[in-house]
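Please prepare a short briefing on the model shown here.

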Amino acid sequence: MQKKQKVVLFLPKARKHTFHGTLPVALLKLASMVDRKKFDLDLIIAKPNVDYEKQVVEASKGAMCVCLSVLTGNDITNALTITKKIRVVSKATVVWGGWHASIFPEQTLENQYVDIVIRGQGERTFQKLIERLAEKKSLKGLLGVSYKEGGKIKRNEDRPFEDINNFPPISYNLVNLEDYISTFNGMRGMVSFTSQGCPFNCKFCAEPLVYKQQYSALSNDRILDEWEFFVKEHNIKFVGITDDNFFVNEAKIIDFCQKLLKRKLGVKWGKACGRVRQMLAFKDSTWQLIADAGCMDIEIGDESGIQSTLDFINKQLSVEEIVEFTNKCRKYGFEVMHNWLYGIPLPQFKTMNKKEINAWIWKEWLAMFDVMDKCHHKYKDYDEVRVCPYYPYPGNPLFDLSCELGFKPPTKLENWANLKPAIWLDDSWNDKRRMLLHFIFPYASDFYAERHMKKFRLVQRFFHETAKFRWKYRYFGFPLDYRLYEFYTNFRMKITGVSATEHD
Ligand code: B12
């Protein structure tokens with residue numbers, strides 16, 4: 001009998017200073033495509049307290065290929081460090097897939113340590129690639145791959161996007177699932193990825209480049225089989241949905257909720273992304289059903305409080321709809337996770353100097369605050385809010401505009417590891433953002449104060465008052481209270497290991 005070839009799958013470390021505990025969904029899905037009668041498989045994840053570098057290098061010895069999943073960011077540094085070490089001890093073919101490699105296949109392959117790139121949806125291409133590698137066949141005509149041949153980089157045609165129901169269920173037994181159980185809304189939680197792609201075309205998102213506005217969702221029965229397994233085998237109480245867009249098709253959502261109720265799993269769920277306008281068009285009975293089926297929170301991309309910006313980025317959303325949506329969520333008992341962007345490149349920036357651009361961004365912040373005030377009823381209650389600077393991720397019209405505005409995209413793979421926010425944003429915005437998210441929001445909130453007032457120490461009362469003042473007057477100057485807060489938080493952390501607010 002012929003000796004089995006070995007395939008190594010590796011997920012590098014995504015963040016510089018911390019590890020992420022997110023389930024390695026992409027690699028698990030790829031692993032399910034490996035015919036174990038023909039191939040041995042090693043799945044290695046960068047985890048704390050594990051010498052994962054050594055594991056990958058050891059596993060690569062005698063392996064047919066080592067395949068890595070890489071996002072734009074620190075992944076790249078970690079992936080390259082390890083790939084270099086592999087090259088010293090092994091002749092394994094090095095395959096990169098995932099978002100970064102899909103966006104920049106040519107530039108990724110220009111790096112001497114990468115042999116093959118798989119672009120976009122990976123399952124089928126990966127399955128066919130390892131067959132070809134095992135049979136030592138040429139990659140000519142293999143859809144979805146870019147590769148090197150005779151010193152030249154070749155790009156084969158794209159592989160048509162496939163219905164994800166064609167792929168086998170995830171083999172959860174390949175990992176210790178307990179390692180990936182985390183606390184969501186105070187409950188034992190697990191993530192579930194139920195669809196791939198997004199049918200919309202927001203100008204700042206890489207999705208249209210990678211998945212070309214295609215969308216495929218698992219059947220409701222398949223999703224629920226997975227959830228039933230989570231609940232029955234792992235005592236999961238909450239499922240967080242990591243899809244880019246979960247609430248796409250109202251009829252499917254209705255069927256999903258009805259089937260979920262029928263299974264009597266008693267599981268709560270949420271963190272699911274939806275589009276405001278599309279969800280507002282759902283019938284009231286659908287909203288009620290979603291609530292009855294145990295949904296706790298919904299995530300949306302508000303992006304901007306300025307209508308002309310929302311129109312420019314093709315968000316198909318009005319400022320009034322953000323407020324209407326939030327009120328509707330409140331009525332049905334859902335918490336909203338708001339996501340705001342600032343520093344989005346706009347055509348008028350071409351004729352503005354840096355000072356004028358930063359004055360515009362302040363205008364963006366003020367507009368965002370006004371919408372927040374309307375949504376949060378002046379902090380009587382509290383939704384979760386993320387405020388992020390615009391990063392020029394490539395492959396969309398905003399990236400091209402960013403280049404016109406002076407952004408110089410890295411010309412080498414390794415330089416994408418430290419992508420910075422847009423160059424027209426000066427450093428002061430990051431300071432303000434931290435003050436807003438870490439200090440003003442949690443401390444100004446009446447919700448926070450009501451909950452903690454009784455045990456409020458003097459210093460926290462002081463923070464509550466100054467944060468409220470800052471919020472009321474939109475004031476970020478003289479940050480003495482904020483510096484004191486930082487000092488206090490660090491001090492408390494050192495002494496007790498507990499941070500000063502719940503939102504740090
Ligand atoms: C969970 C998640 C994370 C997790 C873990 C990511 C991971 N690698 O497991 C954490 C929290 C660490 C994370 C961090 C970030 N993330 Co994130 N994240 C996600 C999220 C929500 C789900 C990822 C997932 O599991 N997908 C499910 C799998 C099945 O899909 P997939 O990853 O696309 O994989 C398929 C193909 O890409 C391909 N494939 C993937 N890997 C490989 C490997 C090989 C060898 C092959 C052959 C194929 C292949 O096949 C897979 C199956 O079809 C996605 C959104 C999304 N829709 O994917 C964003 C997303 C991946 N994240 C994104 C971003 C921007 C970030 C951050 C920069 C955010 C931030 N500001 O901090 C950081 C980057 C960290 C870093 N690199 O330094 C962007 C990616 C943009 C980019 N150019 O890389 C996404 C797409 C969100 C978005 N729509 O903008 N993220």
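The model is predicted. Its protein chain is divided into domain 1 (5-155), domain 2 (181-425) and domain 3 (433-504). A ligand is surrounded by 36 residues, and the shell draws on both domain 1 and domain 2.

**Domains**
- The C-alpha centres of domain 2 and domain 3 are 27 Å apart.
- The ligand lies between domain 1 (5-155) and domain 2 (181-425), because both of these domains give residues to the shell around the ligand.

**Ligand shell**
- Of the 36 residues that surround the ligand, the closest are S69, G73, G97, G98 and G122.
- Two or more residues of the shell come from each of the helices α1 (25-31), α3 (74-89), α4 (99-103) and α6 (123-134) and from each of the strands β3 (65-69) and β4 (93-97).
- Helix α1 gives the largest share of the shell, with four residues.
- By residue class, the shell around the ligand holds 18 nonpolar, twelve polar and six charged residues.

**Helices α13 and α14**
- Two packed helices are described by the angle between their axes and by the distance between those axes.
- For helix α13 (residues 319-332) and helix α14 (residues 354-376), the packing angle is about 25° and the axes are 9 Å apart.
- Helix α13 is therefore roughly parallel to α14, as angles under 35 degrees count as roughly parallel.
- The crossing of α13 with α14 is right-handed.
- On the α13 side, the contact is made by V319, I322, V323 and T326, and on the α14 side by V371, K374 and C375.
- The contact of α13 with α14 consists of five nonpolar residues, one polar residue and one charged residue.

**Helices α9 and α11**
- Helix α9 (residues 250-263) packs with helix α11 (residues 284-292) at an angle of about 35°, and their axes are 9 Å apart.
- Helices α9 and α11 pass each other in a left-handed crossing.
- Helix α9 makes the contact through E250, I253, I254, C257 and L261, and helix α11 through T286, L289, I290 and D292.
- Six nonpolar residues, one polar residue and two charged residues make up the contact of α9 with α11.

Notes
Residues numbered from 1 in each chain as written. Predicted model: local features only at pLDDT ≥ 70, side-chain atom pairs only at ≥ 80, totals over all residues. Near = placed C-beta within 6 Å. Nonpolar A, V, L, I, M, F, W, Y, C, P; charged D, E, K, R; others polar. Domains from an automatic or database assignment. Axes fitted to C-alpha atoms, helices over the stretch in contact; angles between N-to-C directions. Parallel < 35°, antiparallel > 145°, perpendicular 65-115°, else oblique. Left-handed = near helix turned anticlockwise from the far one by under 90°. Contact = placed C-beta atoms within 7 Å.
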